[in-house]
Amino acid sequence: MRLRGLIRKETLQVLRDPSSISIAFVLPAILLLLFGYGVSLDAEHVPVAVVVENATTETASFTASLAGSRYFTVSLMHDRHAAEQALIAGEVNAIVVLASDFSRRIWSSTGAPIQLIVNGADANTARIIGGYMEGIWQSWLQQQALDQGRSLTPPVAAEQRVWFNPEVRSRNFLVPGLIAIIMTLIGALLTAMVVAREWERGTMEALLVTPVRIGEVLLGKLIPYFLLGMGGMALSTAMAVWIFGVPFRGSFVILSLVSALFMLTALGMGLLISTVARSQFVAGQIAIMVAFLPAFILSGFIFNISSMPGIVQVITHIIPARYFVSSLQTLFLAGTVWPVVLFDAAALVVMASFFLGVTWRKTKKSLE
């Protein structure tokens with residue numbers, strides 16, 4: 001009966017607090033819309049300057065191949081200096097120079113001289129542009145060979161197969177990972193600030209003088225926010241699948257179980273923060289520093305963990321969001337891969353037990 005009363009009290013407090021509902025449902029929708037539509041790691045419609053020193057049928061054909069690709073927006077120039085100035089000014093991201101003897105040397109043993117100058121300020125985009133240009137060049141050569149009845153036999157024929165994300169859409173990678181960031185906000189940040197608010201208002205002191213036990217107090221806090229967080233997860237998953245078209249190849253049951261484990265971990269972090277900081281400002285700052293920022297930067301949500309320095313890779317093993325992001329991306333894109341899911345779930349069980357256990361031991365029915 002006491003636990004039921006505590007859950008009812010906390011639920012009413014959540015329902016009467018617009019900020020809690022906003023963080024649980026409005027903020028996830030806004031973040032998903034921003035990242036789904038506004039953030040992309042794909043390189044499409046990249047502005048490219050093509051310098052043609054001697055216009056021929058072959059240069060026109062190759063330029064048309066570039067212009068017909070969805071990856072490039074071509075600006076035809078006849079002056080290399082003007083193209084370089086455009087690159088310096090940021091008007092184009094790359095320059096393709098077709099030399100005056102391009103047509104004569106296409107089928108020679110030395111090959112046609114094509115120069116590609118890329119803006120390397122964004123290293124990732126520069127690498128992508130180089131790969132796209134190489135692919136278009138090879139496709140154009142093969143088409144030219146077929147049209148002229150020639151044989152184009154490269155020494156190595158690479159047949160690419162893209163698994164899990166055949167469209168190579170960064171949205172399919174980003175949106176599932178964003179669910180972990182959203183649940184971190186709901187679990188750690190919201191819980192830490194709400195409990196700290198009770199300390200500021202004096203309602204926590206009134207609760208501690210009642211005959212309820214510490215375990216009942218913690219469960220009374222956990223259950224409503226756990227349900228709130230799972231509701232936010234369900235909304236985020238529905239938006240990912242039905243609005244952004246992210247494929248889901250795993251099991252919704254397994255997704256719910258892994259999400260529940262991560263939610264318990266995030267709630268444990270939030271409650272632990274609230275035992276240390278009894279002011280909303282301090283609790284919010286701590287939650288951002290120890291929960292949100294590590295989840296955003298070190299979870300593999302955007303930055304590839306294997307590309308990080310060795311010491312940073314070691315640190316990522318203590319970040320709960322790392323394991324949840326791994327399971328989310330696996331369940332969405334690859335399916336229920338048991339070795340990955342079981343390992344991540346085991347890590348989350350350990351972390352949830354640690355945070356909840358420490359919180360239980362640190363929380364006392366005392367105002368000191």
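**Figure 1. Lining of the largest pocket in the predicted model.** Eleven nonpolar, ten polar and five charged residues make up the lining of the largest pocket in this predicted model. The space within this pocket amounts to about 800 Å³. Among its 26 lining residues, those closest to the pocket centre are L41, F173, I302, F303 and N304.

Figure 2. At least two lining residues come from each of α6 (123–147), α7, α13 and α14 (338–362). The greatest contribution to the lining of the largest pocket is that of α13, which provides six residues.

Figure 3. S170 belongs to helix α7, which spans residues 170–201. S170 is classed as buried because its relative accessibility is 8%, below the 20% limit for that class. Beyond the neighbours within four places in sequence, S170 has contacts with S40, L41 and D42. One of these partners, L41, is also listed with the residues closest to the centre of the largest pocket.

**Figure 4. The largest cavity and its lining.** One cavity of 30 Å³ or more is found in the structure, and the largest cavity holds about 70 Å³ of space. Its lining consists of T184, F262, A266, M269, V290, A291, P294, A295, I319, P320 and A321. By class, ten of the lining residues are nonpolar and one is polar, with no charged residue.

**Figure 5. Helices around the largest cavity.** Helices α10 (252–276), α11 (280–298) and α13 (320–334) each contribute at least two residues to the lining of the largest cavity. With four residues, α11 contributes the most.

Note on methods. Residues numbered from 1 in each chain as written. Predicted model: local features only at pLDDT ≥ 70, side-chain atom pairs only at ≥ 80, totals over all residues. Heavy atoms only, no water. Buried < 20%, exposed > 50% of the residue type's maximum accessible area, 1.4 Å probe, protein only. Contact = heavy atoms within 4.5 Å. 1 Å grid on protein atoms, 1.4 Å probe; cavity = no way out; pocket = protein on both sides within 12 Å on 5 of 7 lines; lining within 4 Å. Points joined across faces, edges and corners; volume = space filled by probe spheres on them. Nonpolar A, V, L, I, M, F, W, Y, C, P; charged D, E, K, R; others polar.
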